[in-house]
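Dear colleague,

Please find below the structure that I am handing over to you, together with its sequence.

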Amino acid sequence: MISMQNALRQTKYLVLLASIMFNFGCNHAGNSSIGGSEGDSPQGLSIEYIRQTAGTSIVDRNPEFAWELPASAGSQSAYQILVASDKESIAKNKGDRWDTGKVSSNESINVSYEGQPLVSGQTYYWKVKIWNGDGEETPFSDYQSFKVGDINDFITSANVFQVDSIKPQAFEQMGEDSYFIDFGKAAFGTLVFNYQTDRAETLTIHIGEQLIDGRINRDPQRTIRHQEVQVEVSPDQSQYLLEIRPDKRNTKPRAVHLPDSIPVIMPFRYVEIEGVKGTLNAADFTQLFYHGYWENEASSFSSSDTLLNAIWELCKYSIKATTFAGLYVDGDRERIPYEADAYLNQLSHYTTDREYAIARQTIEYFMENPTWPTEWQLHVALMFHADYMYTGNTELIEKYYDELKHKTLMELRREDGLISSENATPEFMKKLGFTNPKDKLKDIVDWPPAQKDTGWQLATAEGERDGFVLTPINTVVNCFYYRNLVIMAEFATVLNKNEEAAELNQLAIQVKQTINEKLFDASNGVYTDGEDTNHASLHSNMLALAFDIVPKDNTQSVVDFIKTRGMACSVYGSQYLLDALYKAKEWKYAQQLMTATHDRSWYNMIKIGSTITLEAWDMKYKPNADWNHAWGAAPANIIPRQLWGIQPKTPGYGMATIKPQLGALTSSSITVPTIRGAIKADYQLQSDGSKRYTIEIPANMRGEFDLAGQTFSNMMLNGENVNGNQNVFELPSGKHSLKVY
């Protein structure tokens, strides 16, 4: 007979499940449709960068409002915001908490609340209308509600969790009393199922990520997931939620712990049920997929290369699937945020959905929870900069500027400007946020390191470091350091710290010069791994190229060397390798690497059966790799940012750059989310050899279309001939066609 304790747990979680599913439905219900006419009024309202605010708590007492203009508006000359304390007031277009009146401004993002004080626990309602560039007034938007939470240590607000109900893609009876289920993709979740019985009995349920000989691998390698669960069933219960056991490693104190409203979850795709006494149907089973707020239609990509399309889908889904913790974590093995993982995750999240809250929460987390690799500290400024460029918001920079300077490691520099982690003292480690006096920085370069350092039986003795020779003055570390100085000089300028900006710019110039004087081997035209070694690795050269350290005269020799190394870096390193190649206009080689079919490729991840990117190219390159690691999803941002070249040129996407390097593709279409609306683009290579681009720029944004140095005899923009020597075109909002031939 089913135990009372088990029955109570089941009842508790099934009630929670019903609540979660109800809230999920509310989140997707959108804003109430009082006031406004779709297509004529502002759309896409957000508060603190959160699009659907039901279930969230806004912690900022002066939150930022944003909206998308209707396409018909083109531009904005003024706006009016109303904030009310009840639905009746907002329905009557009365802002009893804040009525801005008509404000002459083109700003449609980062508009900070300046009304009467907001009270914790209270729900408010807001709407907005705009005047277009011709001074014509729109109707008010639909309203959006938001609840004010308690003040905490963060200035950023967390987004909600969602649950997708996934039905089986395949359902098969294996034997007289056993069944096999494939849900199509791995997901962080659990299983809910219906089962009728006339007596108490026990089902054995296996869930897992990997198949072997067509069945779940019940003894998978290291952190590939499988679990066997015994489920007691009885006549007085018909619905069950699988009680997955917590994993000892990913529930340690440093791990990110999920809310009590979420049951224990783990990544799985497959299910096997044994001990069945009756007949089961596919409709009886549902995979509950937990993830952060996600709008799948926010991004898209397709092209004439079917493999590239499959890689995009793999990587995009990987970003969605790994948002389950509310912060960017390393996957399921530890569920700990790591700075480098998080930065790659952030870039790909920005290009696959219009979601900024998780990144902003993770940035604040790192200010008090650092991890040990030297270069990981140097990724924090990169995260701040990406947030600044994609949102245009400066709050995080203002709050953490002084602490962030420590994370550049500039205090470890010697007279010539270069830094060494060996100079870090216990006092300095405290400045970085470390609390254990025994904590030390350690240069990582790439992961995993050499076989001699890990004790693992790796496929290659050098690991993923391409034979990198570690020295106290490390080229990889100093390349990241240089990029940090450039970023901090920009931040100092933003904060009107002009003297500091000048000092930081001068230090950046010095570091760049010293790298090129002391770490560049002029006889071979390559960067060595550091002082006191002649060894040159892929990593030293790709990072120097990616961060604009390589002088123009040395670019070709560095590129030539990089192209001799293949994919001699990890999935993490591939981000910087591909960034470097596209920066050097080596689109052909970059695309070859992205669509390679050897075992150091994204194709290999698909081939071996994973539906989320791996922590490593293959298990032989990292024996304890997991199958759910977002840092392996670089193409999710490389395709939009580099292959199509769509990036913010100015903070907050006031101006966008579109710089396509489409390589051998004969056609491609893409949708890239931005805070101001989606940029859409299409490319077709015609039979006569001409190239046709269609570019759609959202309202209140300008675009800069750059042919990346390509020259053509004739060009037509929107049906009119343009100067054949011109290869950069400014595009106002709206739809544009360009023909080059």
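The chain has 741 residues, and a compact globule of that length would have a radius of gyration near 27 Å; the chain has 27 Å, so the two agree. Please bear in mind that this is a predicted model. Along its principal axes, the C-alpha trace spans about 80 × 70 × 65 Å.

Overall composition

The secondary structure consists of 18 helices and 31 strands. Of the contacts between residues at least 6 apart in sequence, 71% join residues at least 24 apart. As to burial, 60% of the 741 residues count as buried.

In soluble globular proteins, nonpolar side chains tend to be buried together. In the present model, the largest nonpolar core holds 165 residues, and the members that touch the most others are Phe384, Tyr576, Trp602, Trp644 and Tyr693. Helix α11, which covers residues 475-494, provides the largest share of this core, with twelve residues. Another core lies apart from it and comprises 23 residues, including Leu45, Trp67, Phe146 and Val148.

Two individual positions

Gln346 belongs to helix α4, which runs over residues 339-352. Its relative accessibility is 0%, and Gln346 therefore counts as buried, the cut-off for that class being under 20%. Leaving aside residues up to four places away in sequence, Gln346 touches Tyr328, Ala359, Ile363, Leu382, Met383, Ala386 and Asp387.

Glu232 lies in strand β15, made up of residues 226-233. Because its relative accessibility is 33%, Glu232 counts as partly exposed; that class lies between the 20% limit for buried residues and the 50% limit for exposed ones. Which distance separates Glu232 from Glu201 in space, given that they are 31 residues apart in sequence? From C-alpha to C-alpha, Glu232 and Glu201 are 5.9 Å apart.

In short, the model shows a chain whose radius of gyration agrees with that of a compact globule, with a largest nonpolar core of 165 residues and a separate core of 23 residues.

With kind regards

Technical notes. Residues numbered from 1 in each chain as written. Heavy atoms only, no water. Helix = DSSP H or I, 4+ residues; strand = E, 2+ residues; numbered from the N terminus. Rg over C-alpha atoms; globule rule 2.2 N^0.38 Å. Buried < 20%, exposed > 50% of the residue type's maximum accessible area, 1.4 Å probe, protein only. Contact = heavy atoms within 4.5 Å. Core = buried A, V, L, I, M, F, W, Y, C linked by side-chain atoms within 4.5 Å.
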